[in-house]
Amino acid sequence: MKIISSIDELRDQMRGQLRTAFVPTMGNLHEGHLSLMRLARKHGDPIVASIFVNRLQFGPNEDFDKYPRTFHADVEKLEKEGVYVLFAPTEKDLYPEPQQFRVSPPNDLGGILEGEFRPGFFVGVTTVVLKLFSCVQPRVAVFGKKDYQQLMIVRNMCRQFALPTEIIAAETYRAEDGLALSSRNAYLSEPERAEAPALYRTLNEVAAEVRKGQPDIFTLERDSMASLAARGWKPDYISIRKRIDLQPPSAGDIAQGEPLVVLAAAKLGATRLIDNLEI
């Protein structure tokens with residue numbers, strides 16, 4: 001595996017490659033990330049991964065400085081997965097001058113849910129993804145469904161900018177107890193880790209009620225948040241949305257079987273966890 005930090009060197013290395021499959025990451029790789037590499041292999045060749053902790057998507061009170069960085073362990077894992085190139089730029093490599101041009105998702109998609117609680121987050125995400133795509137020029141790129149809103153925003157960005165990159169969605173990789181794998185899980189204390197699967201169980205309970213035909217989604221969302229709060233969580237949202245645009249469904253949408261997704265974000269102690277479940 002070649003480890004490259006320079007954009008020019010990356011472009012030289014990838015010249016003539018027409019089937020590149022790309023997996024962007026922020027490092028601290030776990031089995032969920034590695035499952036993305038395996039899915040990428042089914043859709044292209046060679047595989048390029050990136051590791052870059054993107055300052056632009058962190059708010060002023062978020063965990064940029066303490067975000068776990070495990071570069072040497074990450075390299076070993078990627079080599080075992082047969083990754084061809086690891087693009088690992090420094091901030092100076094990727095942002096040699098202040099990144100004053102930004103990509104802003106439309107507010108009705110980027111300003112809701114995560115965008116409401118993390119202002120500017122999706123501007124940082126789309127800006128770095130567009131720049132990484134410009135550097136790697138992949139035919140396909142793989143993103144996990146755990147970050148459901150991010151997946152939708154990146155997919156829509158590619159369509160509207162007519163980028164020659166197909167976005168492949170990977171199913172959320174879960175521990176045996178249902179907790180979605182995340183680098184931030186490492187922040188959980190032992191008692192918090194034992195409690196953490198309650199978030200996924202709550203999503204399943206909400207989904208079961210919707211499947212039964214429960215039309216009052218507002219009450220369902222409110223009660224499920226109250227249930228989590230009673231267990232010591234601090235929920236930001238539990239929200240039932242249409243998969244197509246992440247807007248709230250009407251009673252008619254629910255009655256007609258509109259494909260839905262329930263999304264959640266909640267703090268357990270100092271750690272903020274997100275998850276979702278398609279209905």
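Mentor: A pocket, as the word is used here, is an open set of grid points with protein on both sides within 12 Å along at least five of seven lines, and its lining residues are those with an atom within 4 Å of a point. Please keep in mind that the model is predicted.

With that term in hand, consider the second largest pocket, which holds about 210 Å³ of space. Its lining consists of 16 residues, and those nearest the centre are Ile-51, Phe-52, Val-53, Arg-69 and Pro-89. Sorted by class, the lining of this pocket comprises nine nonpolar, four polar and three charged residues.

Let us turn to helix H7, which spans residues 121-136 and packs with helix H8, residues 148-160, at an angle of about 50 degrees, the two axes being 11 Å apart. Because of that angle, H7 is oblique to H8. The two helices cross in a right-handed sense. On the H7 side the contact involves Phe-121, Phe-122, Val-125, Thr-126, Val-129, Leu-130 and Phe-133, and these meet Gln-149, Gln-150, Ile-153, Val-154, Met-157 and Cys-158 of H8. This contact of H7 with H8 has 10 nonpolar and three polar residues, with no charged residues.

H7 also packs with helix H1, residues 7-14; here the angle is about 50 degrees and the axes lie 8 Å apart. H1 and H7 are therefore oblique to each other. From H1 the contact draws on Ile-7, Leu-10 and Arg-11, and from H7 on Ser-134, Cys-135 and Val-136. By class, the residues of this contact are four nonpolar, one polar and one charged.

Helix H10, residues 198-211, packs with helix H11, residues 217-230, at about 155 degrees, and their axes are 11 Å apart. Angles over 145 degrees count as roughly antiparallel, and H10 and H11 are therefore roughly antiparallel to each other. H10 passes H11 in a right-handed crossing. Ala-198, Leu-199, Thr-202, Val-206, Glu-209 and Val-210 make the contact from H10, while Leu-220, Ser-224 and Leu-228 make it from H11. The contact of H10 with H11 has six nonpolar, two polar and one charged residues.

Two details of the backbone complete the account. Most residues other than glycine have a negative phi, and most peptide bonds are trans. Asp-45 and Pro-46, however, are joined by a cis peptide bond, with omega about 5 degrees. Pro-46 sits in the loop between helix H2 (31-43) and strand S3 (47-51). Leu-113, though not a glycine, has a positive phi of about 50 degrees. Leu-113 is found in the loop between helix H5 (107-110) and helix H6 (114-117).

How values were computed
Residues are numbered from 1 along each chain as its sequence is written. This is a predicted model: local features need pLDDT of at least 70, side-chain atom pairs count only at pLDDT 80 or more; totals for chains, interfaces and linings use all residues. Side-chain values use heavy atoms; hydrogens and water are left out. On a 1 Å grid over the protein atoms alone, a cavity is a set of points where a 1.4 Å probe fits but cannot get out, and a pocket is an open set with protein on both sides within 12 Å along at least five of seven lines; lining residues have an atom within 4 Å of a point. Grid points are joined across faces, edges and corners, and a volume is the space filled by probe spheres set on the points. Ala, Val, Leu, Ile, Met, Phe, Trp, Tyr, Cys and Pro count as nonpolar, Asp, Glu, Lys and Arg as charged, and the others, Gly among them, as polar. Axes are lines fitted to C-alpha atoms, for helices over the stretch in contact, and angles run from 0 to 180 degrees between N-to-C directions. Helices (H or I, at least four residues) and strands (E, at least two) are DSSP runs, numbered from the N terminus. Angles under 35 degrees count as roughly parallel, over 145 as roughly antiparallel, 65 to 115 as roughly perpendicular and the rest as oblique. A crossing is left-handed if the near helix is turned anticlockwise from the far one by less than a right angle, and right-handed if clockwise. Contact means heavy atoms within 4.5 Å.
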